[in-house]
Amino acid sequence: MALLQKVTDLLDSNPYVVVIALDFSKAFDTVRHSCLMEKLAQLHIPDNIYNWLTNFFNGHSHCTRSEGQTSDLIEINASIIQGSAIGPASYVVQAADLRTVRADNYLIKYADDTYVIIPACNVDSRQLEMDHIGEWAERNNLVLNRSKSAEIVFTDSRKRRSVVPPSPLPDIARVQSLKVLGVTISSSLSLSEHVNSVISSCACSQYAIKVLRAHGLCDTASQEVYESVVVDKLLYASPA
């Protein structure tokens, strides 16, 4: 919702808006503990909470066993557990100091999903922003994967005017649609591709429920499965 709102606001005064979806290789696995603790120390959190976090990340080691042979233990000094409650929050702290070079460019961050929003009036700053993000990533033990990053140029299809998009950035693919946290949005801000995908997925789920009913699944259980599988898919990100 934040990304769509910012893009549509900028389209009021710009012929197009460029959004670059960034990909950091194994972002959660490469967060350096020492760097994270330095950033946590700058937050206004109680000392006992900071000490608990320090204790949580310290004292882990790793070894490899193969064909009866076991390697020496090596201390784990990087990585946060993505599936844990503290993992995404730790990455948010790690990435909190990532900002744009130009104040009128924008960043939308949701855990390790990061999007750079650049209006047409600032299109010449794209390479500057990418270089800045690459330098930030290097300082923070992260790798900006340009080959998996993507650029999309949003236009307002309701305004009948000819729009000449900028040349693509080197090493970054130009796409016509982008999946943002599971929601597919086209360059014309259409959600039809997303809706079609959701309907198709729900049809498959309904067929699976039909098979389960044929094998004796009761009505109450069928309804629970339907609500958790089909209805949740239909309602996911519906405000956006």
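## Helices α2 and α3

Start with the pair formed by helix α2 (residues 33-41) and helix α3 (residues 47-57): their axes are 11 Å apart and the packing angle is about 175°. Axes here are lines fitted to C-alpha atoms, for helices over the stretch in contact, with angles running from 0 to 180 degrees between N-to-C directions. That makes α2 roughly antiparallel to α3 (over 145 degrees counts as roughly antiparallel).

On the α2 side, H33, L36, M37, L40 and A41 meet Y50, L53, T54 and F57 of α3, where contact means heavy atoms within 4.5 Å. By type, the residues of this contact split into seven nonpolar, two polar and no charged. Ala, Val, Leu, Ile, Met, Phe, Trp, Tyr, Cys and Pro count as nonpolar, Asp, Glu, Lys and Arg as charged, and the others, Gly among them, as polar.

## The model and its confidence

This is a predicted model, so local features need pLDDT of at least 70 and side-chain atom pairs count only at pLDDT 80 or more, while totals for chains, interfaces and linings use all residues. Residues are numbered from 1 along each chain as its sequence is written, and side-chain values use heavy atoms, with hydrogens and water left out.

The protein has a mean pLDDT (the predictor's confidence in each residue, from 0 to 100) of 92, and 100% of its residues reach 70 or more. Confidence is lowest in strand β2 (residues 61-62), with a mean of 90, and highest in strand β1 (residues 17-22), at 97. Helices (H or I, at least four residues) and strands (E, at least two) are DSSP runs, numbered from the N terminus.

## Helices α6 and α7

Next come helix α6 (residues 192-214) and α7, whose axes come within 10 Å and cross at roughly 170°. α6 is therefore roughly antiparallel to α7. The α6 residues in the contact are V198, S201, C202, S205, Q206, I209 and R213, and α7 brings D219, S222, V225, Y226, V229, V230, K233 and L234. Sorted by type, that contact has eight nonpolar, four polar and three charged residues.

Q223 also sits in α7 (residues 219-235). Q223 is partly exposed, at 40% relative accessible area (buried is under 20%, exposed over 50%, partly exposed in between, with a 1.4 Å probe and protein chains only).

## The buried side of α1

In helix α1 (residues 2-11), the buried residues are L3, L4, V7, L10 and L11. They sit on the same side of α1, because they cover an arc of only 135° around the axis, taken from the directions from the helix axis to the C-beta atoms. Their cover includes β1, β6 (106-110), β7 (113-119), β8 (150-154), β10 (177-180) and β11 (183-186).

Methods: Parallel < 35°, antiparallel > 145°, perpendicular 65-115°, else oblique.
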